[in-house]
Amino acid sequence: MMQSFYKIIYLLLILSSTYLSSQLRIEITGGSDEPIRVAMVPFEWKLNSAPSQYLHEIVKKDLESFAEFAVLNPEDMLSYPSLEEEISYRDWRLLKVDYLIIGSVLKSEIEGEINIAYSILDVSRRKNIHKALIKGSVKSLKRMGHNISDRIYHKINGIPGIFSTRIAYVDKPLSDADSYDLRITDIDGDGDLSLFKSNQPILSPDWSPNGKEIAYVSFEEGTSRIYIQELATGNRRALKRERGINSSPSWSPNGNYLSAVLSKGDNPDIYLYNLRSNAWTPLTGHYGIDTEPDWSPDGKSLIFTSNRSGSPQIYEINISSMRIKRKTFEGTYNARARYLPDGKNIIYVHRRKGVFHIALHNLRTGKISILTDTFLDESPSVAPNGNMIIYATKDRETDTDILAGVTINGKTRFILPSVSGGAREPAWSPILDKY
Amino acid sequence: MQNLFAGFFVSMFIHIGLVLSLSNIFSIDLLAFQADYSQPIPAYLVYEKPKLVSKKENKIFIKKILIEPNSQIDIKEMVLKADEEILALESKASKTTTFAQKKTNLNQQNQILLFSSIIEEQIRAVWKKPIVSEEFSVELILSLVPTGEILNVKVKRSSGSDAFDRSALIAVAKVRKFENLKMPAQLFDDNFRNFTLVFKPY
């Protein structure tokens with residue numbers, strides 16, 4: 001009895017395994033390079049007052065800025081549905097649209113507030129994949145537009161959108177040698193405003209993980225010192241100063257620590273600053289120069305630049321074990337490394353044949369890819385979704401300092417529009433508008 | 001005595017079952033049913049016999065298949081032509097059964113290869129993968145009818161990213177019906193009625 005039972009079981013086992021292994025597998029590696037086609041029907045406007053801006057125009061500009069999406073012009077649409085029942089999927093399929101976005105702007109019971117209801121639809125499978133209602137004030141229409149772009153980006157690409165994020169940078173106009181201005185701007189170049197001005201150098205801004213504060217180095221007292229400034233109030237506080245250099249602040253992912261560079265032990269080393277107890281503790285103590293620390297996204301290790309081997313190279317230190325590992329071996333200049341949000345890749349400035357490029361380095365496989373082809377690329381900063389990098393470079397035609405960006409696949413380049421001749425040291429904010 | 005026999009068979013079943021299921025888990029292809037799509041070497045093995053048929057013609061013919069799998073050539077005709085040539089080769093060659101058997105197997109492998117590449121090209125043309133920095137992959141099971149129309153699609157193994165899975169499903173939905181899939185019924189039933197599509201970004 002038992003035996004026949006086992007026999008049956010193993011017969012089944014054999015049958016199923018042969019069935020599975022004999023099934024044909026076809027692998028598709030890499031798809032079409034065409035951008036994803038999105039159609040956003042102008043939202044139905046159900047308010048008495050006329051709109052100051054059109055949401056579909058904001059979203060179109062956002063989504064097209066990194067060439068990942070192609071957004072259909074409203075003139076090319078065959079119909080303007082605002083409800084799911086009104087959609088003729090056939091028409092949108094004919095227009096080769098992948099995703100359709102419909103919605104309407106509604107009155108709210110609260111004065112000056114509006115509600116935006118919208119849906120994202122998958123045209124080829126005739127499916128609603130996302131439905132949401134967002135609330136905001138009439139005046140913040142632009143911000144709501146960016147917020148919708150972020151959500152669309154997240155739904156379609158699976159990683160957060162960064163259209164609501166901002167970039168901090170130091171502006172040093174060519175015309176005025178003694179003016180330094182710490183500024184922040186939206187990534188489309190709007191809303192550019194000054195945080196702090198000085199006639200002494202300002203260096204290395206870094207955003208706090210919650211996006212509410214910025215740490216930076218200022219020479220306003222004659223020597224370098226690290227300051228933290230709150231964005232909402234403009235209040236500044238200084239960190240305890242140590243003898244020598246105080247530079248390169250970098251916020252820990254939990255917001256409780258700053259790592260920075262001090263030279264109180266005669267040569268620059270990496271230190272940790274506890275923001276609660278206001279105390280410095282050393283992390284490295286080598287006779288070489290250790291500088292430019294950056295925290296891994298899990299907060300367990302830091303990468304920094306050190307010349308301990310004779311040339312600047314990237315090292316990683318594990319905070320609990322204090323073990324240090326060299327990460328770069330290619331070339332004689334690798335500096336200013338930053339982690340990508342996945343923690344598995346880093347970017348840094350890499351010199352190849354006398355030219356400084358931004359390189360992407362996979363820590364697991366060791367694969368290095370050069371992302372930029374300009375001349376003097378420096379201080380890269382990664383977008384919070386890990387998909388874009390902004391860096392400072394020289395515009396060779398006008399010989400001005402500009403901020404330029406590149407997507408992580410190296411395919412799309414962009415220039416930050418607002419910047420006026422002397423922009424440097426960009427720092428990309430974390431995700432600010434949570435959704 | 002009886003017990004020993006039963007024990008022997010049970011143990012045999014256990015071992016075969018274990019070997020087969022383990023080989024499946026570690027994707028070791030013991031039964032060699034799967035074609036290795038990236039290396040179309042068998043095709044050359046057949047035609048590189050210099051004595052049999054003039055070498056030049058055949059090489060060009062093979063290239064044609066490999067390079068333009070989805071162009072508007074009549075595949076059925078080409079396949080038949082290939083069959084005829086193989087038969088001609090066989091009649092000329094020494095008529096040992098194993099040799100002939102080998103050839104028909106190879107020919108079938110070629111056909112599977114050809115139709116797989118036709119399917120691959122049509123999917124690849126419409127698949128817009130989202131930008132992913134990590135190595136995702138999703139496996140779908142497709143069910144076809146002999147006209148090439150896709151009856152059903154299921155996610156066999158998800159990539160863990162909704163967006164990535166969706167991009168693959170959309171690509172399949174866009175194709176709806178595979179073109180140029182005219183093939184012998186037996187070949188279709190054995191290989192293309194249900195098959196697995198794996199999507200990899202890089």
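Biologist: Is B:F178 buried or exposed?

Modeller: This is a predicted model, and in it B:F178 counts as buried because its relative accessibility is 1%, while the cut-off for buried is under 20%.

Biologist: Where is B:F178 found?

Modeller: B:F178 is in the loop between α6 (162-175) and α7 (185-192) of chain B.

Biologist: Leaving aside its neighbours within four places in sequence, which residues is B:F178 in contact with?

Modeller: Among them are B:I119, B:Q122, B:I123, B:L142, B:L144 and B:F195. B:I123 is 55 residues from B:F178 along the chain, and their C-alpha atoms are separated by 8.9 Å.

Biologist: Switching to helix α4 of chain A. What should its 17 residues span?

Modeller: At 1.5 Å a residue, α4(A), residues 141-157, should span 24 Å. Its end C-alpha atoms are 24 Å apart, so the two values agree.

Biologist: How many residues of α4(A) are buried?

Modeller: 13 of its 17 residues are buried, so by the under 20% cut-off the helix is mostly covered.

Biologist: And what comes just after α4(A)?

Modeller: A:G158, which takes a positive phi of about 80 degrees.

Biologist: Now the strands. In what sense do β23(A) and β24(A) pair?

Modeller: They pair in the antiparallel sense, over four bridges. A:Y339 stands opposite A:I346 in β24(A).

Biologist: What is between the strands of that hairpin?

Modeller: Five residues lie between them, and A:G343 in the hairpin takes a positive phi near 75 degrees.

Biologist: How many residues of β23(A) are buried?

Modeller: Six of its six residues, 334-339, are buried.

Terms used
Residues are numbered from 1 along each chain as its sequence is written. Chains are lettered from A and ligands numbered from 1 in the order in which they are written. This is a predicted model: local features need pLDDT of at least 70, side-chain atom pairs count only at pLDDT 80 or more; totals for chains, interfaces and linings use all residues. Side-chain values use heavy atoms; hydrogens and water are left out. Helices (H or I, at least four residues) and strands (E, at least two) are DSSP runs, numbered from the N terminus. The expected span of a helix is 1.5 Å times one less than its number of residues. Buried means under 20% relative accessible area, exposed over 50%, partly exposed in between (1.4 Å probe, protein chains only). Contact means heavy atoms within 4.5 Å. Two strands pair if DSSP finds at least two bridges between them.
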